[in-house]
Amino acid sequence: GTTQKKLSENNIKFTGSDEISTKKCWDKISSKILMAENQIPTPEFRVIGSNQKLNLKDEFFIKNSSFFVKPNNNGSSFGVSRVDHKKELEEAIAIARKYSGDVIIEKAYNSAEYTVGILKGEALQPLEIIAEDNKGFYDYEAKYLSKGTKKVEVVDKNIKEDLKNIALKAFYKHGCQTWGRVDFVFDGENLGVLEINTVPGFTEKSLFPLAAKLSGINYQELITNIIEDSI
């Protein structure tokens, strides 16, 4: 939200969400609380504060066996670890704390990862992300370096409609505007929103422009749509 704030203070027009909504999406704890309050499905989680110790006697850790440990505010999957053995949680927390004092631990959804672009009040074609790397999730390497990561259309009509409806609700409950991307995980039965990206990647190979292309909107039209809606 820092850039949006400076642009607003100087009366410079920009595309997309404002300072307040961008901050809500960047701060994972605030975003998770907002989703819980608005009945938006998201993986169960716990917050480990900067001066707080891990309590493995918490029912959350007793009933779940695999987790994702994340910094509260960072991007590109920096500091994110998948943990399948509870003895590894402390190390994962230490890694996450290199990026933020507060750490969030989520129940791992192991079935699939999806993403839905939002453009001018409409949900674009949902995509499934299939990461081929040894960490088993869409981490930094899978995002930017791997040639094996696949991004494919979601063809199941029921899941597709659920993804679109939940994405729109999450996007607008955070106060977002014009364009963005909502990321999901799936456990085989339940969808869960991971986060809302208010300034997603925008190269021609990025997820958002790909979703637009599959929705019948070419790269130039996409840029035009975003600019026109923002001014």
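Helices (H or I, at least four residues) and strands (E, at least two) are DSSP runs, numbered from the N terminus. The model described here is predicted, so that local features need pLDDT of at least 70 and side-chain atom pairs count only at pLDDT 80 or more, while totals for chains, interfaces and linings use all residues. Residues are numbered from 1 along each chain as its sequence is written, and side-chain values use heavy atoms, with hydrogens and water left out.

Two loop residues may be considered at the outset. Lys120 lies in the loop between β5 and β6 (122-123), and has a positive phi of about 50° although it is not a glycine. Its relative accessible area is 40%, which makes Lys120 partly exposed; buried means under 20% relative accessible area, exposed over 50%, and partly exposed in between (1.4 Å probe, protein chains only). Asn11, in the loop between α1 (2-9) and α2 (19-26), likewise is a residue other than glycine with a positive phi, near 55°. Asn11 is exposed, at a relative accessible area of 72%.

Ser21, Thr22 and Cys25 of α2 are buried. They cover an arc of only 100° around the axis, which puts them on the same side of α2; the arc is that of the directions from the helix axis to the C-beta atoms. The cover over these buried residues includes α1 and β10 (191-197), contact meaning heavy atoms within 4.5 Å.

The next element is an open sheet of four strands, ordered β1-β4-β2-β3 with antiparallel pairing; two strands pair if DSSP finds at least two bridges between them. β1 (45-48) and β3 (81-83) stand at the edges with a single partner strand each, so one side of each is left without a neighbour in the sheet. Strand β2 (residues 67-71) pairs with β4 (residues 103-107) over five bridges, in which Pro71 stands opposite Val103 and Lys70 opposite Ile104. Three bridges join β2 to β3, where Ser81 is the bridge partner of Val69. Five of the five residues of β2 are buried, so the strand is largely enclosed by the rest of the structure. Phe67, Val69 and Pro71 are on one side of β2, and Phe68 and Lys70 on the other.

Helix α3 (residues 28-37) lies across β1, β2 and β4, at about 45° to β4. Helix α5 (residues 89-96) lies across β1, β2, β3 and β4, at about 25° to β2. Axes are lines fitted to C-alpha atoms, for helices over the stretch in contact, and angles run from 0 to 180 degrees between N-to-C directions.

Asn218 caps its N-terminal end through a side-chain oxygen 3.1 Å from the backbone nitrogen of Gln220. Leu222, Asn225, Ile226 and Ser230 are buried in α9. Its buried residues fall within an arc of 120° seen down the axis, so they line one face of the helix. They pack against β5 (112-119), β9 (179-186) and α8 (207-214), whereas Gln220 and Glu228 are exposed on the other side.

How values were computed. Polar contact = N/O pair within 3.5 Å; in protein donor to acceptor, adjacent residues only side chain to side chain.
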